[in-house]
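Hi everyone, thanks for making time for this one. Let me put the structure up, and then I'll walk you through a few parts of it.

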Amino acid sequence: TTLSDCSDRRGRGRSFRPSFVAQREAKRRQMAKLLIATLLILAPPADGQVMELEIESNPVSGVADSCAGHPPGTCRLVCEDAPWRGPNDWTCSEMVKLGDAVQLTKGLDDGVEAKAACCAFGGGRPRAIFTSPEVSPAPDTVAWAEAWLPEACRAFAVPDKDFPSIAQLVRSGKDATLGGTGGHWSACTHLHIYGVNFAVFLVRALAFDLRPRSVLEFGCGLGTTSDFLARFTPGGARVVCVEPEPMLKEVFARRPPPQRPMQLAVDVFADAGRPCAAQLFKPRFDLVLTFEVLEHILPARQQAAMDYLAGSTSKYLVFAAARPNQGGTGHIEESMHTREWYVDQFTARGLVYLPGITKGLRAAVRPEREYDLYTNTIVMGRAPLGVDRTDVGGAIAGTDCDLFASPSCRHPLTSLRGSHDALATMKDTKYLRKAWVAGQVQALWPEVDLLIRKLKRGKLRCV
């Protein structure tokens, strides 16, 4: 009997009933092999449900090969449920449950199952079901901390369950007034006063141009900068951020490590935090960064803070702090200095000022952070790894005139400065870029965006 004969017979509705088994053993044996081996390849699955009837052992090569090479548990063979072309119009699965289909395999060698035979002879059709392999459980924060954090710092790694809600912050007294006169803030302070305030194009340049393998952010606030670097740095980056108050689960507890930053809720100037500081602030990080933090620290602690930052840097330190008379919440006037003063301080600690990278990163923050980061940002490097570059920024950082009409841009078809659109003005592109920045923040942290909108509408309160 040929394969075409088998297909033709089945197409005309002929079936093999149990009464034929003893008389047609050889024929059925051949048909079982041919049909089971080829139906998956030649016949598309019929419409209808797939019954939960797995074909567990199929030495028939065509069926077995359909799952060959797949990880265990990711491929299984089932028989599509179809009416049994026999008495009472029972389905194939019903025949197997009744045990009648077992008769179909009498005399069949090679271990062909009753279920496989039922599927081939009773109107069903074998089908391979592929599933994704089970994802191994991600290590929890404690296990992750033990893997690569200094021993004295592991107790300060915030577990997922300890990231507070807005309501918990308010109930505990850590509302938007925390840090108003200096010192550390809570998540409420950040959300209520500044929102996300994310320098998206600067951080793009850090991730895609500098490509650090290890990152330390000192004073990470809501954690959005650290989170972006952990998620998008090509090749991956281990990111740890130091912020005394636990921040939001919407940023820190939505992905398994290391596709998220680790927060150390530690005050490195307090007695309890000094052992961690002594072990953490070693030259182990490709990138150390801090944005607008040191103006919130008492002058007596600033020298230690700069020691920590310089001591942690193996390649690059990206730094910004408020200049004298810069407005803001919780600024301490005596702790505000010019960026030239900070360059001298870090130079005395063995780092070198890098004007090329500084220029590229400063250009990336205009206009949305022109009031602080554009003026205040400096980049320092530690030889021999931290060398200056002139290729940081550009299109990935939004400094190529397409995303903002800066005075240094001129469109070739018009005397207007700025955008690629010859009719656009600097004001137009400024509003357009503002919308792009807002859209990226909403896409990256939709839950944080929702929190901010609820705060603005009075549905949540941080005070």
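For the cut-off, a salt bridge here is a side-chain nitrogen of Lys or Arg within 4 Å of a carboxyl oxygen of Asp or Glu. Before going on, the ground rules: this is a predicted model, where local features need pLDDT of at least 70 and side-chain atom pairs count only at pLDDT 80 or more, while totals for chains, interfaces and linings use all residues. Residues are numbered from 1 along each chain as its sequence is written, and side-chain values use heavy atoms, with hydrogens and water left out.

Asp227 and Arg255 meet through their side chains at 2.7 Å, N to O. This pair links distant parts of the chain, with Asp227 in helix α10 and Arg255 in the loop between α11 and β6, 28 residues apart. When I say helix or strand, I mean DSSP runs numbered from the N terminus: H or I of at least four residues for helices, E of at least two for strands. Is Asp227 buried or exposed? Asp227 has a relative accessible area of 0%, so it counts as buried. The classes are buried under 20% relative accessible area, exposed over 50%, and partly exposed in between, using a 1.4 Å probe and protein chains only.

How many salt bridges are there by this rule? The count comes to 14. Another of them joins Arg260 to Asp160, with the closest N and O atoms 3.0 Å apart. Arg260 is buried because its relative accessibility is 4%, whereas Asp160, at 37%, is partly exposed. Then there is Arg389 with Asp391, whose closest N and O atoms are 2.9 Å apart. Arg389 is partly exposed at 22%, and Asp391 is partly exposed at 48%.

Now the sheet. It is an open sheet of seven strands in the order β6-β5-β4-β7-β8-β10-β9, with mixed pairing. Strands count as paired if DSSP finds at least two bridges between them. β6 and β9 (352-353) are the edge strands, each pairing on one side only.

Have a look at strand β5, residues 238-242. Four of its five residues are buried, so the rest of the structure largely encloses it. β5 runs parallel to β4 (residues 214-218), with five bridges between them, and Val215 sits opposite Val239. To get from β4 to β5, the chain passes through helix α10 (residues 224-232) in a right-handed β-α-β crossover. Right-handed means that, with the strands pointing away from the viewer, the path from the first strand over the helix to the second runs clockwise. Next to β5 is also β6 (residues 262-264), parallel again and joined by three bridges, with Val240 opposite Met262.

Elsewhere in the sheet, β8 (residues 313-320) and β10 (residues 378-381) are antiparallel over four bridges, and Leu317 stands opposite Met380.

On to the packing. The largest nonpolar core has 57 residues, and Leu202, Leu229 and Leu287 are among those with the most contacts inside it. Such a core is a set of buried Ala, Val, Leu, Ile, Met, Phe, Trp, Tyr and Cys residues joined through side-chain atoms within 4.5 Å. Helix α9 gives the most to this core, with eight residues. Apart from it lies another core, of 38 residues, including Val242 and Val343.

Not counting residues up to four places away in sequence, Leu229 touches Val203, Leu206, Ala207, Val215, Ala237, Val239, Leu287 and Leu289, where contact means heavy atoms within 4.5 Å.

That's my tour; happy to take questions.
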